[in-house]
Amino acid sequence: MGRSIPVKIGQKEFKSKKAAVSYFMDQREAVKEKGPLKEGNFFEELKALYLNYCDCCESWGLNGRTITSFTVDLEPRQNGQTWASHLCYWVHFSEKQARPFSVREAVDEIAKAAAEQL
């Protein structure tokens, strides 16, 4: 039986990767319903998540862009031969660009980077 890996994202600490993923995923519907998230505590937490992800994965870098908001919308994804739409967080930048990102992958990469520093 494996033990939980604690994860710190910004100022928030989670007892496990699963807890961190659940925290963000459980709020998707509320963010989708309210529209663009441009300020507040949850905006700052999502921003910390995304920036930590950028620090861990070069391909997710900001490249001089500024984060302006987060939204949740459907994103088509392929699983084998099947396509399905899933609710996904989107980060919006100052250049009117938007990019979907996976909370699960972000948390995995952040936890992996933290484990490598131990």
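Let's start with glutamate 75 and arginine 77, whose side chains meet in a salt bridge at 3.0 Å, N to O. The term salt bridge stands for a side-chain nitrogen of Lys or Arg within 4 Å of a carboxyl oxygen of Asp or Glu. Side chains of opposite charge can pair when their charged atoms come close. Glutamate 75 counts as buried, at 17% relative accessibility, while arginine 77 counts as partly exposed at 32%. Here buried means under 20% relative accessible area, exposed means over 50%, and partly exposed lies in between (1.4 Å probe, protein chains only).

Before you go on, keep in mind that this is a predicted model, where local features need pLDDT of at least 70, side-chain atom pairs count only at pLDDT 80 or more, and totals for chains, interfaces and linings use all residues. Residues are numbered from 1 along each chain as its sequence is written, and side-chain values use heavy atoms, leaving out hydrogens and water.

Searching the whole structure turns up three salt bridges. Another one joins the side chains of lysine 17 and aspartate 108, at 3.3 Å from N to O. This pair links distant parts of the chain, 91 residues apart: lysine 17 sits in helix α1 (residues 17-25) and aspartate 108 in helix α4 (residues 103-117). Helices (H or I, at least four residues) and strands (E, at least two) are DSSP runs, numbered from the N terminus. Lysine 17 is partly exposed at 29%, and aspartate 108 is partly exposed at 31%.

Lysine 32 and aspartate 73 also meet through their side chains in a salt bridge, at 3.8 Å, N to O. Lysine 32 belongs to helix α2 (residues 28-34) and aspartate 73 to strand β3 (residues 67-79), so this pair ties together parts 41 residues apart in sequence.
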